[in-house]
Amino acid sequence: MDFRRVSSILSFLLLCLSGTLLLPLAVSYAYGEPEAFAFLASFLLCGVIGGAGFLLFRTGRQEISHREGFAVVGLGWVVVCLLGAVPYLLAGTFPNFLDAFFESSSGFTTTGATVLDDIEALPKGVLFWRSLTHWLGGMGIIVFSMAILPMLGVGGMQLYRAEVPGPIPDRLKPRIRETAKTLWIVYLLISVVETLLLLVGGMDLFDSVCHTFGTMATGGFSTRNASIGAYHSAYFDWVITAFMLIAGANFALHYLFLVKGRSRRYLQDPEFRFYLFTILGLTLAVTVLLRVATYSSWTVSVRHAAFQVVSILTTTGYTTADYELWPRAAQFILLALMFFGGCAGSTGGSIKCIRILLLMKHAYRDIYRLIHPQAISPVKLGEKSVSTDVMDSVTAYVLLFMGIFLAATFLLSLLGLDLLSALSAAAACLGNVGPGLGAVGPTHTFAAIAPAAKGILIACMLLGRLEIFALLLLFVPEFWRR
């Protein structure tokens, strides 16, 4: 492990973070807010620390190892979340560092859980920073940095493999810098389209940009206390539903469609088909439940059902209604969807559709073998056989995910949360979903829970966003040995 190399890259990440703080600084200054000073001071702080560290630890070494890649990802995300809390403290948004760290972690990990009770009372600069942390975290501030790192002599494939969600990261271009640039161009293009569509519907520019950031990152921070439901607009609901669905799909497929014109690849992809059919099937089920027990209109039922199913499954966390008033069966479906997540290569969190699909195929194969003991039946994804190594990785990930979920639920229960609230809070934060049920439901925040419980949920958010392995590796002694 080359600690100088790791420290050099982490310092460069802080320089990148410093640059992004100029955007909320500009917004705050444009609105004449005194909080502009908080962003200026944060910009200088990150710039000084990052610049000094980069000059101090800079080496002439060209490549980083696999272990160093994971160290940069795990430590980088923690460092960015810590310093991302500084603007909140300097602006007086939170009275203590823990709450500021919770909000920053929730933003960068695209969780969308908040400890703020009155969001609409916040200055525009702070609201913009909350949403921007989503947008940066969605594709990954580390992937973003890799578009520049090769110019500094850093080979980035190790970082890409460590950070990109899913068991098999897609490499769209031969060189990692081109891959990172391609992903961000697609990400930016779709973001611009959504912003324009929201503007056409009558949403103002500030809210359009902020809600686009939350949608494309599958994050969920809104500028309104009632989230998207505050607008009471079917148009906004359907536009955001469509773009949440897009953000939850593999960005490699968007690249093939937008750049190569290969629209057929969507339905040719087995994970996307599973993702789409799951959404359609469960939207239909929730629609029927709502029409029978909650709403008098099929149109309203399908609109709210589609929005909430897509929002929870993609781990966005936006809401248009208080789903705790819905039938228990509908609430159960939403709770179960917290464990799904979007596709691999998307900005979504949780387990991911590809892992669930592979486990289902693995289970079916074992049942098939009981009927035909002599049959050779490998697990296949489309026409390709899935290797044993990949299946082992999938199984290990799901076991770790469920183990951490159960442990977090137990600890939250010990700290005073009722079982439903503890269970849904752990699922919502580990899966990077945002709102849960009970005391952390769609009309509540995480403000009232105990400080120790907030610390547990911060750990869950980071573990979930980094897909567990990259962060857990930092606590294995063998990982740090030369």
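Is Ser350, at 1% relative accessibility, buried or exposed? Ser350 counts as buried, because its relative accessibility is 1%, and buried here means under 20% relative accessible area, with exposed meaning over 50% and partly exposed in between, for a 1.4 Å probe and protein chains only.

Before I go on, a word on where this comes from: this is a predicted model, in which local features need pLDDT of at least 70 and side-chain atom pairs count only at pLDDT 80 or more, while totals for chains, interfaces and linings use all residues. Residues are numbered from 1 along each chain as its sequence is written, and side-chain values use heavy atoms, with hydrogens and water left out.

Let me begin with the whole chain. Its secondary structure comes to 23 helices and two strands, where helices (H or I, at least four residues) and strands (E, at least two) are DSSP runs numbered from the N terminus. The chain is as compact as a globular protein of its length, because its radius of gyration is 22 Å, close to the 23 Å that the globule rule gives for 482 residues; the radius is taken over C-alpha atoms, and the rule is 2.2 Å times the number of residues to the power 0.38. Along the principal axes, the C-alpha atoms fill a box of roughly 65 × 55 × 50 Å.

Of the 482 residues, 59% count as buried. If we take the contacts in the chain with a separation of 6 or more, 71% of them are between residues 24 or more positions apart, a contact being heavy atoms within 4.5 Å. The accessible surface comes to about 19,200 Å², and 67% of that belongs to carbon and sulfur atoms; these areas come from the Shrake-Rupley method with a 1.4 Å probe, and for residues only the protein chains shown count as cover.

Now to the aromatic rings. A pair of aromatic rings is described by the distance of the centres and the angle of the planes. Rings of Phe, Tyr and Trp (its six-membered ring) pair if their centres lie within 6.5 Å, and planes under 30 degrees apart count as stacked, over 60 as edge-to-face and the rest as tilted. By this rule the count comes to 24 aromatic pairs. In one of them, Tyr31 and Phe206, the ring centres are 6.1 Å apart and the planes stand at 75°, so the pair is edge-to-face. Tyr31 lies in the loop between helix H2 (22–30) and helix H3 (36–57), and Phe206 lies in helix H11 (residues 205–216), so this pair ties together parts that are 175 residues apart in sequence. Tyr31 counts as partly exposed, at 44% relative accessibility, whereas Phe206 is buried, with a relative accessible area of 10%.

Phe206 also pairs with Phe128: their ring centres are 6.5 Å apart and their planes are at 40°, so the pair is tilted. This pair, too, links distant parts of the chain, with Phe128 in helix H7 (residues 124–139) and Phe206 in helix H11, 78 residues apart. Tyr31, Phe128 and Phe206 belong to one aromatic cluster, which also includes Trp135, Trp184, Tyr187, Phe213 and Phe251.

Where does Ala217 lie? Ala217 is in the loop between H11 and helix H12 (234–247), and at 0% relative accessibility it counts as buried.

Most residues other than glycine have a negative phi, and most peptide bonds are trans. Thr218, however, has a positive phi of about 45° although it is not a glycine, and the phi of Ser350, with which I opened, is near 60°, again a positive value. Ser350 lies in the loop between helix H17 (328–337) and helix H18 (353–371).

Lastly, we come to Trp480, in helix H23 (residues 477–480). Trp480 is partly exposed, with a relative accessible area of 27%. Leaving aside its neighbours within four places in sequence, Trp480 is in contact with several residues, among them Met1, Phe3 and Arg67.
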